[in-house]
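Have the structure open as you read.

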Amino acid sequence: MMVTDRRPGAAPGAMMPTEIAYLITSSFADKLHNTHQQLLPKAALTWRVGQQGSNIYAVVSKGYRAGGYNIQMFSDIFSTQIRQASRSYSGGQPLGIVPDAAALEGIAHTISYKPEESWNYELGTHLNLLDRRLQLDLSGYYMQIRNQQLSVMAADYGYGRMMVNAGKSSSCGIEAALRGSFFDNRLIWAVGYGFTRAVFKEYNDSVADAATGSNVLVSYKNNHVPFVPDHTFSAHADYRIGVADDALLHSVVVGLNVAGRGRTYWDEANSYSESLYATLGAHVDLDMSPVTVSFWGRNLTDTRYSTFAFDNRATGRLQYFAQQANPLQVGLDVRFSFSK
């Protein structure tokens, strides 16, 4: 890999209309590797309740995600080396920067991120009610996470992403789902809800101060972990209308669905976020076996929200970027099914 910095000056050697005074290059070659070995224990216990297949369960397990290297950070490393060298270089012969063993070790430390480890605890139940016409799933969980891996935008160059480690974090919450069927299975419905509180317990980072330009140490303790919504919810219902079996149209299914998410923070400082939103959908399915025609609509409320957002100072000033969700959509699907 090589990055070159050419500065205008009076020395001979023209490139386009600009004259070149000196040339600084930075390059290196090295091999890096990591080996991860980890024992991942898991223990589960289930109690059967009643005669309809209901149960209560408890699970304890260890989670692990291997570490790695941020390859895209090389551009930042090369640029930093060239800027530092250009401050003391007065010109003349081309200058080639080749890091020594100590510098290579420092680079390896800079671009690497640690494995993530977690201990997970869950207690829940699955209940079959009303002769299995109604099912309830309810669970609560708690996670202790060490060296949590976070995907962030590189602060010093471009718009590349990289992985960093937070010191410690915890996550706790509940999940509930209720589903059932009525009227001889003509009506099928389900609702679900989840609550999550994911916060940093220990996370210090060095960030640039907007006023002075120097780096300052910032603590994100008790801040919300980014990209984790505090609420999720959904509901759907389908109603089937039967038609004569010998007719061209066998049945019609009419359905409605709604889904949404609570506040989601996009950065570790919790400085900007997406607020609570919900979307509505609907569909009508015409069963004309072996052909099924479906008319559908998504985000019928035309709700405007972001699916992802980040900030960046690559241009010298703070800018925000966001990926907007799809607006209102309608469509038609035709499906063919064949069986012997």
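**Inside the cavity**

Start with β12, which gives the most to the lining of the largest cavity: three residues. Strands like this one are DSSP runs of E, at least two residues long, while helices are runs of H or I of at least four, and both are numbered from the N terminus. This is a predicted model, so to speak of local features we need pLDDT of at least 70, and side-chain atom pairs count only at 80 or more, though totals for chains, interfaces and linings use all residues. Residues are numbered from 1 along each chain, and side-chain values use heavy atoms, with hydrogens and water left out.

What is a cavity? On a 1 Å grid over the protein atoms alone, it is a set of points where a 1.4 Å probe fits but cannot get out; lining residues have an atom within 4 Å of a point. The largest cavity holds about 50 Å³ of space, where volume means the space filled by probe spheres set on points joined across faces, edges and corners. Its lining includes T196, H224 and Y265.

Of its 14 residues, L150, V164, F200 and Y203 touch the most other members. β11 supplies the largest share, three residues. Leaving aside neighbours within four places in sequence, L150 is in contact (heavy atoms within 4.5 Å) with residues including M162, V225 and E268.

Note on methods: Core = buried A, V, L, I, M, F, W, Y, C linked by side-chain atoms within 4.5 Å. Buried < 20%, exposed > 50% of the residue type's maximum accessible area, 1.4 Å probe, protein only. 1 Å grid on protein atoms, 1.4 Å probe; cavity = no way out; pocket = protein on both sides within 12 Å on 5 of 7 lines; lining within 4 Å.
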